[in-house]
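Biologist: Hey, I'm new to this one. Can you walk me through it?
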Amino acid sequence: MGPLKGRKIVEIAGIGPGPMCAMLLADLGAEVVRVDRTVDSGLGLRRGKGDDSAYNLLARGRKSVAVDLKKPEGVETVLRLVEQADGLIEGFRPGVTERLGIGPDVCLERNPRLVYGRMTGWGQHGPLAQAAGHDINYIALTGALHAIGRKDSGPVPPLNLVGDFGGGALYLAFGIVAAMLEAERSGKGQVVDAAMTDGAASLMTIFYGMHASGMWRDERGVNVLDTGSHFYEVYETADGKHVSIGSIEPKFYAELVRLAGLEGEELAPQMDPANWPGLRARFAEIFRRKTREEWCAIMEGTDVCFAPVLSLAEAPGHPHNKARETFVEVAGIVQPNVAPRFSRTPGAVRMPPAKAGEHSREILADWGFSEQEIGSLLANKAVLQQEV
Ligand SMILES: CC(C)(COP(=O)(O)OP(=O)(O)OC[C@H]1O[C@@H](n2cnc3c(N)ncnc32)[C@H](O)[C@@H]1OP(=O)(O)O)[C@@H](O)C(=O)NCCC(=O)NCCSC(=O)C(=O)O
């Protein structure tokens with residue numbers, strides 16, 4: 001099931017955004033084969049409890065073949081998968097796949113329709129292209145990191161959501177799907193260069209417009225949406241928890257004022273930034289008077305634009321999330337469900353994360369390798385079968 005059913009993708013396993021992109025495509029029905037390493041790269045998930053791979057949720061929905069790409073037979077194995085694929089995902093430093101022998105030129109020669117998806121931080125070229133980095137560095141270069149945080153605080157890294165996942169995985173997924181659509185018409189594949197700096201910069205588009213118009217000051221924590229205003233804020237409640245308020249429009253703000261019990265009070269005008277610190281102090285004092293639950297009873301589901309701030313442990317249990325099955329339990333682990341939703345061809349979490357090389361024999365057989373070929377690849381350790 002899923003709108004990408006029938007599409008075949010080869011994922012050369014990496015970290016962070018590449019696996020997330022592969023997960024998104026697999027959730028929507030693509031048949032993704034994950035090419036893992038034959039030895040532990042040391043880049044995997046750090047051990048929490050139990051078996052690492054079971055908790056590596058970004059690896060869900062697809063089978064794994066473990067291939068040693070430093071062996072010519074391993075390279076040839078991947079190229080044979082590539083011949084049959086619609087797309088490929090890789091997330092190494094620029095030049096790594098070329099040196100391994102699975103670069104875009106070689107792959108597109110084997111399969112001219114292939115969409116070759118490349119996930120990096122800095123992109124395939126530019127002065128920083130060869131430097132190591134992580135999300136925090138990539139978003140630092142886009143204006144995004146500078147903009148996030150409170151007045152008088154330093155920048156606050158927004159987890160690795162903006163670079164790895166928003167600016168990286170999602171743009172690569174979008175790029176791969178767009179290029180696959182184009183390949184259907186032209187018969188030609190191409191390279192998709194998804195750089196997290198480009199993606200994170202793209203996510204900042206609206207702020208560049210607001211800045212150019214004079215509506216956004218190039219400082220943290222003094223603007224409408226960056227906790228500068230009192231009506232787009234999180235407030236602490238009597239029990240030390242928090243609620244989120246997003247009452248931007250005057251009619252929704254009026255509802256906030258009413259349900260906060262401030263209707264009778266002479267409040268300074270909402271939209272003048274000069275009034276924001278004073279109004280924030282007033283609302284902070286009001287919200288501290290009741291618990292989060294009590295505020296939910298008053299404001300949740302109204303047009304205040306309100307929601308309780310839930311923790312990871314709490315979120316899956318919220319009635320709205322439960323009603324919509326926003327979270328799902330797979331193999332005993334609660335996790336976010338597939339998004340978005342399709343009316344005719346819904347996606348699904350098809351399987352829990354595989355161990356590296358768990359399906360090596362099965363994948364190769366499915367993709368047309370003979371018993372003899374599989375036996376020889378296993379014998380010379382170009383491919384490893386993990387026994388589970
Ligand atoms: C993350 C990295 C800095 C990690 O750097 P390195 O550990 O030095 O890896 P490189 O990419 O340079 O090279 C990968 C090496 O793995 C080897 N390699 C890969 N697959 C295989 C298999 N199957 N078999 C054998 N060898 C393999 C490959 O030949 C390279 O080795 P050699 O042949 O010996 O060179 C880089 O991969 C990178 O810049 N990637 C793009 C951006 C990125 O993903 N950033 C992190 C996002 S995650 C994040 O931000 C976060 O988690 O937080």
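Predicted model: local features only at pLDDT ≥ 70, side-chain atom pairs only at ≥ 80, totals over all residues.

Biologist: You mentioned H8. At what angle do the axes of H8 and H9 cross?

Modeller: Roughly 95°, with the axes of helix H8 (residues 161-186) and helix H9 (residues 196-203) coming within 8 Å. So H8 is roughly perpendicular to H9.

Biologist: Which residues meet there, on H8 and on H9?

Modeller: From H8 it's Val162, Gly163, Asp164, Gly166, Gly167, Gly168 and Tyr171, and from H9 it's Met196, Gly199, Ala200, Ser202 and Leu203. That contact of H8 with H9 splits into five nonpolar residues, six polar and one charged.

Biologist: OK, new topic: sheets. What's the order in the open sheet of three strands?

Modeller: The order is S7-S8-S9, and the pairing is antiparallel. Strand S7 (232-236) and strand S9 (306-308) are the edge strands, since each pairs on one side only. From one strand to the next, the twist averages 20°.

Biologist: How many bridges join S7 to S8?

Modeller: Five bridges, linking S7 to strand S8 (residues 242-246), and the two run antiparallel. If you want a spot to look at, Glu233 stands opposite Ile245 in S8.

Biologist: Which helix packs on the sheet?

Modeller: Helix H13 (residues 292-299), which touches S8 and S9. The direction of H13 makes about 150° with that of S9.

Biologist: Back to helix pairs, then. How do the axes of H11 and H12 cross?

Modeller: Helix H11 (residues 250-259) and helix H12 (residues 276-287) have axes that come within 11 Å and cross at roughly 45°. H11 and H12 are therefore oblique to each other.

Biologist: What makes the contact between H11 and H12?

Modeller: Tyr253, Leu256 and Val257 of H11, together with Leu279, Phe283 and Phe287 of H12. In the contact of H11 with H12, six residues are nonpolar, with no polar and no charged ones.

Biologist: Now the backbone. Is the peptide bond from Ala339 to Pro340 cis or trans?

Modeller: The bond from Ala339 to Pro340 is cis, with omega near -5°. Most peptide bonds are trans. You'll find Pro340 in the loop between S11 and helix H15 (360-366).

Biologist: And Thr227: is its phi positive or negative?

Modeller: Positive, near 75°, and Thr227 is a residue other than glycine. Most residues other than glycine have a negative phi. As for its place, Thr227 is in the loop between helix H10 (205-213) and S7.

Biologist: What about the phi of Lys381?

Modeller: Phi of Lys381 is near 60°, which is also positive. Look for Lys381 in the loop between helix H16 (371-379) and strand S12 (383-384).

How values were computed: Residues numbered from 1 in each chain as written. Heavy atoms only, no water. Axes fitted to C-alpha atoms, helices over the stretch in contact; angles between N-to-C directions. Helix = DSSP H or I, 4+ residues; strand = E, 2+ residues; numbered from the N terminus. Parallel < 35°, antiparallel > 145°, perpendicular 65-115°, else oblique. Contact = heavy atoms within 4.5 Å. Nonpolar A, V, L, I, M, F, W, Y, C, P; charged D, E, K, R; others polar. Pairing = 2+ DSSP bridges.
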